[in-house]
Amino acid sequence: MAGKKGYAVYLIPGVILSVAIIVVPLIMTVYTSFTKWNGVGDQKWIGFDNYTRLFEDELFWSSFGHILLLIVAMAVVPTLLGLVLAAVLFDYVAKKFSNRWASLFRSGFYLPQVIPVAVTGIVWGWILHPDYGALNKILDSIGLSGLARNWLGDPKYALYSVMAIMIWFQLGYPIVMFMSGLQRIDPSLYEAADLDGASLWQRFRKITVYMIRPEFYVVLVTTTIAALKIFGQIFVLTGGGPSNATLVPSYFAYKNFFEKAQVGYGSAISTVLTVIIIVLAFVFLRLQNRAEKAGA
């Protein structure tokens, strides 16, 4: 018992930092969401007025519509595609060529995760520029100039362009997680499947997917939360435009905080977003625990 109490001492710095950096600002944000405040001077208590305004705000609802599409681009597609690619690298490339080649491809897919967001945003802005962008130049050179677009400047294509970029950006994380999970699978399972004449698809469906369910849930939870919180990429690529076509809740809160000096309203947006993230994380964890109990 004394040993357990001794270990608790080492948790104190982390707990203090968590309270100072997360809990206290969260409480202050929630309180501010019930006030009218421009960031300077006294706060005026207005109760639920910010929330009433929020739920009647068309921009707020459209920003969440955009988030649903970004969840598809940042969570659903990378998770499913990453699962397939990880299985191919682990069960085919590593065996047919070598582990070094599999590691090389894995590192290549993960590279966008370690490049600063500002750098990737600027580079993609150059690639998709309507006048001198590489994508339109390539389309011109192969006789498909009719497909050239103002990818980030046209409301019809801006959000879909951001989605494509986010799939590229997010794909490496699931691959690394799933390949890590695949390494703990007993090789004898694959050997037995080979002896039984199982195809690559059968090994993938019956062994791979079943054995890495914990990693699957972790990836889906973290990427969904990342999609809900997305800010940096939107800030660099489009600034929420054009015509609010790529506006997301986090950037909507930022605009009200700093551009419009409506801190109370921005705090209400942030509070609602935080509640949604907490609820989704709780639901995912419950589903994971239920799946683990069912498979036990």
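Of the 296 residues in the protein chain, 38% count as buried. The model described here is a predicted one. Its secondary structure consists of 15 helices and two strands, and the C-alpha atoms fill a box of roughly 75 × 75 × 30 Å along the principal axes. Contacts across the sequence are well represented: taking those between residues at least 6 apart, 67% join residues at least 24 apart.

Residues 216-237 are 91% helix and 0% strand, with 29 Å between the end C-alpha atoms. Residues 263-285 are 100% helix and 0% strand, and here the end C-alpha atoms are 33 Å apart.

Helix packing comes next. Two packed helices are described by the angle between their axes and the distance between the axes. Helix α9 (residues 172-182) packs against helix α12 (residues 213-229) at about 160°, with 9 Å between the axes. Because angles over 145 degrees count as roughly antiparallel, α9 and α12 are roughly antiparallel to each other. Their crossing is right-handed. On the α9 side, the contact is made by Tyr173, Pro174, Met177, Phe178 and Gly181, and these meet Glu215, Phe216, Val218, Val219, Thr222 and Thr223 of α12. By class, this contact holds seven nonpolar, three polar and one charged residues.

A second pair is formed by helix α10 (residues 187-195) and helix α11 (residues 200-211), whose axes come within 11 Å and cross at roughly 165°. This angle therefore makes α10 and α11 roughly antiparallel to each other, and their crossing is right-handed. Leu189, Tyr190, Ala193 and Asp194 in α10 meet Arg203, Ile207, Thr208 and Met211 in α11. The residues of this contact divide into five nonpolar, one polar and two charged.

Asn136 belongs to helix α7, which covers residues 134-141. With a relative accessible area of 4%, Asn136 is buried, because buried means under 20%. Leaving aside residues up to four places away in sequence, Asn136 touches His129, Pro130, Ala148, Arg149 and Trp151.

Helix α14 (residues 249-259) includes several buried residues, namely Pro249, Ser250, Tyr251, Phe252, Ala253, Lys255 and Asn256. Phe258 is also found in helix α14, but its relative accessibility is 62%, so Phe258 counts as exposed. The cut-off for that class is over 50%. Phe258 and Asn38 are 220 residues apart along the chain, and their C-alpha atoms are separated by 9.2 Å. Following α14 is Ala261, which has a positive phi, near 55°.

How values were computed: Residues are numbered from 1 along each chain as its sequence is written. This is a predicted model: local features need pLDDT of at least 70, side-chain atom pairs count only at pLDDT 80 or more; totals for chains, interfaces and linings use all residues. Side-chain values use heavy atoms; hydrogens and water are left out. Helices (H or I, at least four residues) and strands (E, at least two) are DSSP runs, numbered from the N terminus. Axes are lines fitted to C-alpha atoms, for helices over the stretch in contact, and angles run from 0 to 180 degrees between N-to-C directions. Angles under 35 degrees count as roughly parallel, over 145 as roughly antiparallel, 65 to 115 as roughly perpendicular and the rest as oblique. A crossing is left-handed if the near helix is turned anticlockwise from the far one by less than a right angle, and right-handed if clockwise. Contact means heavy atoms within 4.5 Å. Ala, Val, Leu, Ile, Met, Phe, Trp, Tyr, Cys and Pro count as nonpolar, Asp, Glu, Lys and Arg as charged, and the others, Gly among them, as polar. Buried means under 20% relative accessible area, exposed over 50%, partly exposed in between (1.4 Å probe, protein chains only).
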